[in-house]
Structures are given as C-alpha cells and as structure tokens.
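Trainee: Please take a close look at one part of this structure. Then show me how the rest is arranged around that part.

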Amino acid sequence: QVQLVESGGGLVQAGGSLRLSCAASGRTFNGDRMGWLRQAPGKEREFVASINWSSGGPAYADSVKGRFTISKDNAKNMLYLQMNTLKPEDTALYYCAARLVTRLQADYWGQGTQVTVSS
C-alpha cells in the first residue's frame, strides 16, 4: 500500500521560507515522476514542481521558478520542496504526488499540508 505523508507546512510571513517534506513508502518509485501540487480555496489544483525519482531533472511552474527547489533523498524515500521568498499567493494546501501521469494527474496522493503566507 503506497503512502505519501507530507509535513512542514505552517504559517509564515511574506518573504519567509518553509521546507515541505514527503515520506514515501509502499513501493519503489524508480523511473517515476514525483511532485508537488497545490490548491488554494476556490481555485483549481495547480502544478508546482516535479522530479524524476531516478534521474532528477526538476521541472517548475513559472510562478515558483527561482523561488522553490524540489529535491529528493532516494535512500530515505523522501521528497522535499524548499520554498523561499514566499508570497501571499503561495497560500494553499500542498500535496505530494507520486507517479505523475501529467502535471495534474498522479496515481498516488498525500493528504496535503497547509501553507499560509501572511502579508
């Protein structure tokens, strides 16, 4: 049974930083694309960043490029999202996703961790 458990969300002031973590278990993800998506209240879910579990090759949404960094620790089965220079518009529920089929579709999802950026 695949489990993705996010942590690291919270309340931060604009300009601040947070690091999200996702603990993945239940299968191997070699060759799979893993990522982070987010959904703000009243808005559709949107792609944030993704990375190939084996080869790397990060990809980012234009809105976070240069501010967010996705990384992984294969030995620990951990996925991370370092978020710097946070803006109020980054406020959302952030989801860890495994085996992305497209930028918005994935086979496995975490429960989400809330990020709130105050102005």
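Mentor: Start with two terms. A strand is a DSSP run of E with at least two residues, a helix is a run of H or I with at least four, and both are numbered from the N terminus. Two strands pair if DSSP finds at least two bridges between them.

Next, the ground rules. This is a predicted model, in which local features need pLDDT of at least 70 and side-chain atom pairs count only at pLDDT 80 or more, while totals for chains, interfaces and linings use all residues. Residues are numbered from 1 along each chain as its sequence is written, and side-chain values use heavy atoms, with hydrogens and water left out.

The part to study is strand S5. It covers residues 46-52. Of its 7 residues, 6 are buried, so S5 is largely enclosed by the rest of the structure. Buried means under 20% relative accessible area, exposed means over 50%, and partly exposed lies in between, with a 1.4 Å probe and protein chains only.

Look at one partner of S5. Strand S4 covers residues 33-39, and it pairs with S5 over 6 bridges. The two strands run antiparallel. Arg33 shows one such link: its bridge partner in S5 is Asn52. S4 and S5 make a hairpin, with 6 residues between the strands. Gly42 belongs to this hairpin and has a positive phi near 80 degrees.

Now take another partner. Strand S6 covers residues 56-60 and is joined to S5 by 3 bridges. This pair is antiparallel too. Ala49 has Tyr60 as its bridge partner in S6. S5 and S6 form a hairpin with 3 residues between them. So much for the strand and its two hairpins.

Step back to the whole fold. The protein has 0 helices and 11 strands. Read from the N terminus, the elements run β-β-β-β-β-β-β-β-β-β-β. The C-alpha trace spans about 40 × 25 × 25 Å along its principal axes. A compact globule of 119 residues would have a radius of gyration near 14 Å, and the 13 Å of the protein agrees with that. This radius is taken over C-alpha atoms, and the globule rule is 2.2 Å times the number of residues to the power 0.38.

How much of the protein is buried? Of its 119 residues, 44% count as buried. The protein exposes about 6000 Å², and carbon and sulfur atoms supply 46% of that area. Among contacts with a separation of 6 or more, 53% link residues 24 or more positions apart. Contact means heavy atoms within 4.5 Å.

Strand S1 covers residues 3-7. Its covered face holds Leu4 and Glu6. Its uncovered face holds Gln3, Val5 and Ser7. S1 pairs with strand S3, residues 18-25, in the antiparallel sense over 5 bridges. There, Leu4 has Ala24 as its bridge partner in S3.

Ala23 also sits in S3. Its relative accessible area is 33%, so Ala23 is partly exposed. Leaving aside neighbours within four places in sequence, Ala23 is in contact with Gln3, Leu4, Val5, Asn77 and Met78. Ala23 and Asp73 are 50 residues apart in sequence, yet their C-alpha atoms are 9.9 Å apart.

Follow that list to Asn77. Asn77 lies in the loop between strand S7 (68-73) and S8. It is partly exposed, because its relative accessibility is 24%. Its phi is positive, near 55 degrees. Most residues other than glycine have a negative phi. Arg99 also has a positive phi, about 60 degrees, although it is not a glycine. Arg99 sits in strand S9 and is partly exposed at 31%.

End with Lys87. It is found in the loop between strand S8 (78-83) and strand S9 (92-100). At 33% relative accessibility, Lys87 is partly exposed. Not counting residues up to four places away in sequence, Lys87 touches Arg67 and Val117. Lys87 and Val64 are 23 residues apart in sequence, with 9.9 Å between their C-alpha atoms.

Terms used: Accessible areas come from the Shrake-Rupley method with a 1.4 Å probe; for residues, only the protein chains shown count as cover.
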